[in-house]
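Hi everyone, thanks for making the time. I'd like to walk you through one model this morning, so please have a look at the screen.

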Amino acid sequence: MMSKNILAPVLLVALFIIGFSRSSFAQGNLQFNQVILLDIPANSVQNIAVPAGKVWKIESTGSGSSSANGVYLRNASAVAIAYLGPMSVSTSVYPYWLPSGFNGSFQNFHPSLRMSVSIIEFNVVP
């Protein structure tokens with residue numbers, strides 16, 4: 001017979017394993033689909049829409065310049081929800097994920113530099 005001191009940790013570990021295994025199947029699996037490189041002209045807006053059944057993983061942004069420039073990610077209401085700049089900028093956290101069905105835009109405020117956004121698109125496989 002197990003003592004009460006050993007039974008509590010064993011029960012806790014068993015509950016953790018059951019909970020983890022159930023949550024690991026909750027969202028489906030991701031399957032690589034394609035690489036997307038968006039080119040955003042200076043001082044412009046690029047509308048985006050993540051297709052149904054897909055998710056986007058934003059890997060990086062860049063301008064080809066050493067200056068710290070980035071783009072603003074805006075939701076469908078044109079509200080800025082993130083600033084995505086070069087990896088050297090502390091406010092940029094990569095990767096940045098966009099869910100299936102997301103609609104919004106990238107805003108490039110720089111008056112003369114083109115910006116690029118590197119995205120990996122995944123299929124969501126049940």
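Let me start with a term we'll need: a residue is called buried under 20% relative accessible area, exposed over 50%, and partly exposed in between. Keep in mind, too, that what you see is a predicted model.

Let's begin with Leu30. You'll find Leu30 in strand β1, which covers residues 29-40. Its relative accessibility is 43%, so Leu30 counts as partly exposed.

Now, on to the charges. How many salt bridges are there? The count comes to 2.

Take Asp39 and Arg114. These two form a salt bridge, and their closest N and O atoms are 2.6 Å apart. Which parts does this pair tie together? Asp39 sits in strand β1, while Arg114 sits in the loop between β7 (103-108) and β8 (115-125), so the bridge links parts that are 75 residues apart in sequence. As for accessibility, Asp39 comes out at 42% and therefore counts as partly exposed. Arg114 has a value of 45%, so Arg114 is partly exposed as well.

Then there's Glu59, which forms a salt bridge with Lys57; here the closest N and O atoms are 3.2 Å apart. With a relative accessible area of 25%, Glu59 is partly exposed.

Key:
Residues are numbered from 1 along each chain as its sequence is written. This is a predicted model: local features need pLDDT of at least 70, side-chain atom pairs count only at pLDDT 80 or more; totals for chains, interfaces and linings use all residues. Side-chain values use heavy atoms; hydrogens and water are left out. Helices (H or I, at least four residues) and strands (E, at least two) are DSSP runs, numbered from the N terminus. Buried means under 20% relative accessible area, exposed over 50%, partly exposed in between (1.4 Å probe, protein chains only). A salt bridge is a side-chain nitrogen of Lys or Arg within 4 Å of a carboxyl oxygen of Asp or Glu.
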